[in-house]
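Take a look at the model below. We will go through it step by step, from a loop to a helix, then to the domains and the pair of chains.

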Protein chains: 2
Amino acid sequence: MLLGPGPSNPDPVVAGAMARPLVSHLDPFFLRTMDETMRDLRAVFRTVNHHTIPISATGTGGLEAIMFNLVEPGDTVVVGVIGYFGQRLAELAERAGAQVRRIEVPWGEIIPAERIAAELRRGPVKLVAVVHAETSTGAHQPLTAIGRLVREHDALFLVDCVTSLGGMPVAVDEWFVDAAGSCSQKCLGAPPGLGPVTFGPRAMAAVRQRRSAPATWYFDLELLFRYWGEGGGPKDRAFHHTAPVAAIYGFREALRLGLEEGLEPRFARHRAAHERLAAGLAALGLSLFTPPAHRLPMLNVVRIPDGVDDGAVRRDLLARGIEIGGGFGPLKGKVWRVGLMGANATTAVVDRFVGELGEVLKKRRETASVKREA
Amino acid sequence: MLLGPGPSNPDPVVAGAMARPLVSHLDPFFLRTMDETMRDLRAVFRTVNHHTIPISATGTGGLEAIMFNLVEPGDTVVVGVIGYFGQRLAELAERAGAQVRRIEVPWGEIIPAERIAAELRRGPVKLVAVVHAETSTGAHQPLTAIGRLVREHDALFLVDCVTSLGGMPVAVDEWFVDAAGSCSQKCLGAPPGLGPVTFGPRAMAAVRQRRSAPATWYFDLELLFRYWGEGGGPKDRAFHHTAPVAAIYGFREALRLGLEEGLEPRFARHRAAHERLAAGLAALGLSLFTPPAHRLPMLNVVRIPDGVDDGAVRRDLLARGIEIGGGFGPLKGKVWRVGLMGANATTAVVDRFVGELGEVLKKRRETASVKREA
């Protein structure tokens, strides 16, 4: 059971799809599969953006693709940093040559919209980037107010929704998001390996108005969409790179399963699993690190009680077939990160996990007390 | 049957491995799988280079990773262009900020070592890049003499062995290759999605001596090897991105199958399939485009006879379950590209293909002659 910060366990149907007979990346059947993947991915991102594809790299690669296409050397980029993945957005922007201004808050907190407003008033900003669901802290950064502010200041709004997409509402068009990037292996429930991205018309205009080609060929959007198509149908396709056909088979199937379930029921299932987990942990005397007002449902950051050995508990759980994640950076050794993503956001999974964790903690305490007595 | 320029049909064992239960990218089991993958990939590249991994992107991404780590803005890079994929190496180098000097020959030809020598004498060169097996023309560029020359001039030698690796000898250490990049889906016989690369000590020294960080975070070697390890074992690993676990399962299995067969027997199998195909095509009155002196075994470029409709024949073959490739650039409409890669380099596959192609050509000729008479 993969209950860490991702990957989650894919549905067997998804795994099976990856083992299906391959066709080539230019086969008419695969070109149709690409179109269907784009259509379903748009539904999941809640956008009408044509430019919506899985990048042939992991989620990080998708975010790099966004940053390197939208940012030109010297551009000012404001990055909201509420944890590790916000820092990473800032690093990506710096690699793309941006002048980066970070808005930082202590880990566990989120950024009030006023701080974004203040930063936008300081002078022209090309792009504002924030993390919607910060996997290192379990914090949910609301986007609606920020999206409006960024649009009012005529900047571009980039959202990292790696952990949220498919597990809680992500409304690209409604929230004035110009570009968003996610991953395949968390709430969407496919294996890791693809970086789903979407680009709105303002983002594409910025790409077309670049003074020079981006410092990447593999992630160059203009070349990529010669292959994924500009909406002209199968004849409109030119080779760029050989698409990861098997991975896209699996991803396509994961999207189909998600839409078949329905996004709202899927979000409700993630919330219900989270609530059941919080109650179960409380019954074990454990508490969540993230303040209740902005807790994520799919990524639960649990305080490690005093005297409990982080690594030992995680090893014991792994021996029982359950993986959870440790803490990152300032939270290392202080928290566990428990993911309830995709197929794992169920009562049965939560109950099994809480039961096993309870037993592991009890045994560790008994061993510790025997040792003390000896 | 995928007889185009790749992907080839993976062995069912490889496809099955991709559908195996996932573990996370930091699971001790997966860290061991990474080490085993590196070990077997070194054997395939014939190198002792520690820095030998599958990049989490397709073959093109792997080549971008090499170029962006080795080249700094302003560096002089010499690129041998014997077809489309040589042009692409030149484009990658330009995106990385290099001053590129191209050595070009007509499509179908190869570059004599003397031309590389002349270019190296013109002034300091940071890196020389060539394509070992040019998929657009079916030409085999010999590397031994060039490798010695490049080393004598103290430049770095980059080889694109996307199409050759696993199907004909690639001897990274013996040929003085400092960095090489391939793909997963051709002669190695896994699905597309990974970019196997290797970096020798001189390449890694160049990376460590960079004046500034590379214009990529996703492909930054220093960050990547914090995750893949610098040889210190499993404790030596830090998160960089979530590895494509399922794809690496499949790739690991493909490498294992290849080494189990043995590299020399595998190369002999590819040569034998090529010879049988050449004889079969000759019996149909068809000839190969590439001069015999430097023909690749795994990628056969066949002249389309006068009056035969390129697209129609490929569609007819596809309807019979056989995919072959069309021509690129100046060879568009003039040639077919027939790949005999990995599991498809067998007598049975060649005989079926030659038989079906013969029937398709016969039927098309009959239809054409009926039309003429009517």
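**A walk through the model**

In chain A, the loop between α2 and β2 holds Arg46(A). Helices (H or I, at least four residues) and strands (E, at least two) are DSSP runs, numbered from the N terminus. Residues are numbered from 1 along each chain as its sequence is written, while chains are lettered from A and ligands numbered from 1 in the order in which they are written. This is a predicted model: local features need pLDDT of at least 70 and side-chain atom pairs count only at pLDDT 80 or more, whereas totals for chains, interfaces and linings use all residues.

Stay with Arg46(A). Its phi is positive, about 50°, although Arg46(A) is not a glycine. Most residues other than glycine have a negative phi, and most peptide bonds are trans. Arg46(A) is partly exposed, with 17 other C-beta atoms within 10 Å. Here is the scale: a residue is buried if 20 or more other C-beta atoms lie within 10 Å of its own, exposed if 12 or fewer, and partly exposed in between, with C-beta atoms placed from the backbone.

Phe176(A) also has a positive phi, about 60°, and is not a glycine. Find Phe176(A) in the loop between β8 (156-160) and β9 of chain A. Phe176(A) has 19 C-beta neighbours inside 10 Å and counts as partly exposed.

Now look for a cis peptide bond. One runs from Gly6(A) to Pro7(A), with omega near 5°. Pro7(A) sits in the loop between β1 (2-3) and α1 (12-18) of chain A. In chain B, a cis peptide bond joins Gly6(B) and Pro7(B), with omega about 5°.

Go back to the helix before Arg46(A). Helix α2 of chain A covers residues 28-45, 18 residues in total. From first C-alpha to last, α2(A) reaches 26 Å, close to the 26 Å expected at 1.5 Å a residue. That expected span is 1.5 Å times one less than the number of residues. Which residues of α2(A) are buried? They are Leu31(A), Met34(A), Thr37(A), Met38(A), Leu41(A), Arg42(A), Val44(A) and Phe45(A). Seen down the axis of α2(A), the buried residues fall within an arc of 160°, so they line one face of the helix. The arc is that of the directions from the helix axis to the C-beta atoms. On the other side of α2(A), Pro28(A), Phe29(A), Arg32(A) and Arg39(A) are exposed. The cover over the buried residues includes β2 (51-55), β10 (195-199) and α9 (245-261) of chain A.

Step back to the whole of chain A. It is divided into domain 1 (11-260) and domain 2 (263-373), with bounds from an automatic or database domain assignment. Their centres, taken over C-alpha atoms, are 29 Å apart. In chain A, 22 residues of domain 1 are in contact with 21 residues of domain 2. Contact means that the C-beta atoms, placed from the backbone, lie within 7 Å.

Finally, compare the two chains. A rotation of 180° with 0.0 Å of shift along its axis superposes chain B on chain A, with an RMSD of 0.0 Å. That is the relation of a two-fold axis. Copies are superposed by least squares on the C-alpha atoms of residues with pLDDT of at least 70 in both. The contact takes 42 residues from chain B and 42 residues from chain A. On the chain B side, α3(B) gives the most, with 4 residues. Of the interface residues of chain B, 100% are also interface residues in chain A, so the copies meet through the same surface.

Key:
Two residues are in contact if their C-beta atoms, placed from the backbone, lie within 7 Å.
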